Amino acid sequence: MSTELFSLKGKVALVTGSTHGLGMAMAKGLGLAGAKLIVNGNSSQTKIDDAVAFYKSLGIDAYGFKFNVTDEKAVEKAINDIQASVGTIDILVNNAGIIKRTPLEEMEVEDFKEVINVDLVSPFIVSKHVVKTMIARKQGKIINICSMMSELGRNTVGAYAAAKGGLKMLTQNMATEWAKHNIQVNGIGPGYFATSQTAPIRVDGHPFNEFIVNRTPAAKWGDPDDLAGAAVFLSSKASDFVNGHILYVDGGILATIGKPSNEN
């Protein structure tokens, strides 16, 4: 019974921004649970090919599609191509995103708009074109990758926080409109994870490393593979009555404003 609840065998999953980092970790989890994996990126075909090769080395049935998630015409074409050549998309993970760390008073308007476009507008665009077949089939799973910045602010990430806060509400509104079609729309809010991008600051003595370890009740950075379970749960039959929820995978950091349990 439990195996059937979490199995993704026979499902097709599109994960945007799945050539590296947290997107890759979640995509890997979906693939190992049985999903046929659609790998997306836009920076280079080589990165997509390398990612597909990595997934295939794990026994995952993976296919690569290069397209810009902010370009509606490109998205529409890619979705049509995917569904014609691989299969109808059952699971969509809107993971592609960017961040620009600049104080708001110094930030250029075009940079602010770019963050909003990638992190908030693109999940709308991709979902809009994927959900049509989900509505027709009366089933589907959409997962928007939110952030702890969907709940709180932090210095120099105003555009990102604005986008991720908006994405939380977009997730809830998608659930409101599409739940009647047996489509579940939820979000995942990652905390701070040990990735190649954070490696330079994850060293003893670095102020931000000390901050994360000390403020997180789990007293450590997350392992990217820790996101796999959340992604599989929200993609599977196990979450068929879960809708409009943001699942924070953060080691408990959002649970406290005082000293966490690991401090004396």
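Is Asp-225 buried, partly exposed or exposed? Asp-225 has 40% relative accessibility, so it counts as partly exposed. Buried means under 20% relative accessible area, exposed means over 50%, and partly exposed lies in between (1.4 Å probe, protein chains only).

**1. What the model is.** This is a predicted model: local features need pLDDT of at least 70, side-chain atom pairs count only at pLDDT 80 or more, and totals for chains, interfaces and linings use all residues. Residues are numbered from 1 along each chain as its sequence is written, and side-chain values use heavy atoms, with hydrogens and water left out.

**2. Overall build.** The chain has 8 helices and 7 strands. Helices (H or I, at least four residues) and strands (E, at least two) are DSSP runs, numbered from the N terminus. The C-alpha atoms fill a box of roughly 55 × 45 × 40 Å along the principal axes. For 264 residues, a compact globule would have a radius of gyration near 18 Å; the chain has 18 Å, so the two agree. That radius is taken over C-alpha atoms, and the globule rule is 2.2 Å times the number of residues to the power 0.38. Of the 264 residues, 45% are buried.

**3. Strand E4.** Start with residues 91-94, which form E4. Both faces of this strand are covered. Ile-91 and Val-93 lie on one side, Leu-92 and Asn-94 on the other, and all are buried.

**4. Neighbours of E4.** Two strands pair if DSSP finds at least two bridges between them. Strand E1 (residues 12-15) pairs with E4 in the parallel sense, over 3 bridges. Here Val-15 has Val-93 of E4 as its bridge partner. E4 also pairs with strand E5 (residues 140-145), again in the parallel sense, over 4 bridges. The bridge partner of Ile-91 in E5 is Lys-141. From E4 the chain crosses through helix H5 (residues 109-137) to E5, and this β-α-β crossover is right-handed. Right-handed has a set meaning: with the strands pointing away from the viewer, the path from the first strand over the helix to the second runs clockwise.

**5. From E5 to E6.** E5 and E6 run parallel and are joined by 6 bridges. Lys-141 stands opposite Gln-184 in E6. E5, helix H6 (residues 158-178) and E6 make a right-handed β-α-β unit.

6. In E6 (residues 183-190), 8 of the 8 residues are buried, so the strand is largely enclosed by the rest of the structure. Ile-183, Val-185, Gly-187 and Gly-189 point one way. Gln-184, Asn-186, Ile-188 and Pro-190 point the other way. E6 pairs with strand E7 (residues 246-249) in the parallel sense, over 4 bridges. Gly-189 has Tyr-248 of E7 as its bridge partner.

7. Side chains of opposite charge can pair when their charged atoms come close. A salt bridge here is a side-chain nitrogen of Lys or Arg within 4 Å of a carboxyl oxygen of Asp or Glu. The structure holds 8 of them. In one, Lys-28 meets Asp-225, with the closest N and O atoms 3.2 Å apart. Lys-28 lies in helix H2 (residues 21-32) and Asp-225 in the loop between helix H7 (207-215) and helix H8 (228-235), so the pair ties together parts that are 197 residues apart in sequence. Lys-28 has 19% relative accessibility, so it counts as buried.

**8. Two further salt bridges.** Glu-114 and Lys-100 meet at 3.4 Å, N to O. Glu-114 is in helix H5 and Lys-100 in the loop between E4 and H5, 14 residues apart. Glu-114 is partly exposed at 36%, and Lys-100 is partly exposed at 25%. Asp-240 and Lys-237 also form a salt bridge, at 3.6 Å, N to O. Salt bridges that share partners join Lys-141, Lys-237 and Asp-240 into one network. Asp-240 is partly exposed at 32%, while Lys-237 is exposed at 54%.

**9. A nonpolar patch.** Leu-32, Phe-54 and Leu-58 make a nonpolar surface patch of about 260 Å². Patches are made of residues with over 30% relative accessible area and no salt bridge; like charges are joined within 9 Å, and nonpolar side chains (Val, Leu, Ile, Met, Phe, Trp, Tyr) within 5 Å. Accessible areas come from the Shrake-Rupley method with a 1.4 Å probe; for residues, only the protein chains shown count as cover. Leu-58 sits in the loop between helix H3 (45-57) and strand E3 (62-66). At 38% relative accessibility, Leu-58 is partly exposed.
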